[in-house]
Amino acid sequence: MAFAPFAAAAWLFVIGLYGVVSSQNLVRTVLSLTVVQSSTYLVLLGVGYRHAAKAPIVADIPTTSRLVDPVTQVLVLTDVVIEATVIALLLALVVQAHKRFGTVDPAKLRALRD
Amino acid sequence: MSRRGRLLLFGCAGSGLLAVLVIGLHGLPPFGDFHGAYGLLVDRLEPGRRHATDIVTALNFDLRAFDTLGEEFILFASVTGVALLLRHLRDEEDEPPRRSVDDHRFAGASDALRLLSLILIPLLVSLGVYLALHGALTPGGGFQAGVVLAAGPLAILLAGRYLALKRVAPHWAVEALDGIGALAYAAIGLGGLIFASAYLENFLPLGTSGHLLSGGMMPLNSIAVGLEVTGAFLLTWTEFLDQDLLVARGEL
């Protein structure tokens, strides 16, 4: 099962997309998008992992220890920040949509359909 | 397109995508056998080069300091966007919400929840400060610290007092925190331009590995980012909570 983290990431990606497509509430659409994004964390952390390696913190272990890749971990940090900003902006747009159309059901946003 | 049609289309496209992804798993190098030269090099060099013991923070605030600048301004821009979007219909004047509204917000907060929030506040704030200061030593750094610090005032809300939250973290202070944090990070970078060779290059003494004041400018960067993230998250939350209050007052 050496590919398990990547298989889980693929599953999260597709199930998140299903959530986006099937959602009847814009808030749920946004939350589904977070599921899609969380698959990227799994991919990045999975890529950077090395067998029998320690976390890249050398405060109390020798600097010559076998360490997992810190670069992918930094990329995950960036990823989390981007996710937070994207979600905040999307939720603000949902609030605006609710003000304008009085609904958060994507199928009922008339102005978008006409 | 009808909901049924949309789901049918996704059923075909989604299962195709999943199949392609699963087939793609076969060609991958085995899990746990990563040989990224860059990461290995950073692992070996950074503890000696910058006296930092948390290599992730060393990457974030030293080697990738310029990317972190961009990251910080992405956060800044998006929070500005949230504020612009949500203030669209609100009066320019920031009048405090009426008393009655505050009373019915979280009125169901039990005494146990209030007590827990009160206990949480000092814990969250001290954990946040610890994370910001020890970023170069142990897991932590500005981004994590900012989120934890911003959760402190949020615990006041849990205690059922939105107006108290607004007193502790008024709009102008939160906005100033956000701006000052972003500016401070950019300004620290200028120090590198003046005292060292390049923008965001380290120009401070490195200190002793494992001590609080080590890692050159990393603790400063970490504090600056911590301030910015605290401000950004508090601003986002108060904007959304203000919307909630406006809805509760029947103004929207």
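This is a predicted model: local features need pLDDT of at least 70, side-chain atom pairs count only at pLDDT 80 or more; totals for chains, interfaces and linings use all residues.
Is H51(B) buried or exposed? The position of H51(B) is buried, because 22 other C-beta atoms lie within 10 Å and the cut-off for a buried residue is 20 or more.

**Chain B as a whole**

Chain B contains ten helices and zero strands. Followed along the sequence, the pattern of the chain is α-α-α-α-α-α-α-α-α-α. The C-alpha trace of chain B spans about 60 × 55 × 40 Å along its principal axes. Its radius of gyration is 23 Å, whereas a compact globule of 252 residues would have a value near 18 Å. In chain B, 37% of the 252 residues count as buried. Among the contacts of chain B with a separation of 6 or more, 74% are between residues 24 or more positions apart.

| Residue | Phi | Loop | Other C-beta atoms within 10 Å |
|---|---|---|---|
| L200(B) | about 65° | between α9 (171–195) and α10 (218–248) of chain B | 25 |

Why does L200(B) count as buried? L200(B) is buried because 25 other C-beta atoms are found within 10 Å, and a count of 20 or more is what the term requires.

**The contact between chains A and B**

How many residues of each chain take part in the contact between chain A and chain B? On the side of chain A there are 41 residues, and these are in contact with 46 residues of chain B. Three helices of chain A, namely α1 (4–22), α2 (26–48) and α3 (70–101), each supply at least two residues of the side that touches chain B. The largest share of that side, 16 residues, comes from α3(A). By class, the side of chain A that touches chain B consists of 29 nonpolar, nine polar and three charged residues.

Terms used
Residues are numbered from 1 along each chain as its sequence is written. Chains are lettered from A and ligands numbered from 1 in the order in which they are written. Helices (H or I, at least four residues) and strands (E, at least two) are DSSP runs, numbered from the N terminus. The radius of gyration is taken over C-alpha atoms; the globule rule is 2.2 Å times the number of residues to the power 0.38. A residue is buried if 20 or more other C-beta atoms lie within 10 Å of its own, exposed if 12 or fewer, and partly exposed in between; C-beta atoms are placed from the backbone. Two residues are in contact if their C-beta atoms, placed from the backbone, lie within 7 Å. Ala, Val, Leu, Ile, Met, Phe, Trp, Tyr, Cys and Pro count as nonpolar, Asp, Glu, Lys and Arg as charged, and the others, Gly among them, as polar.
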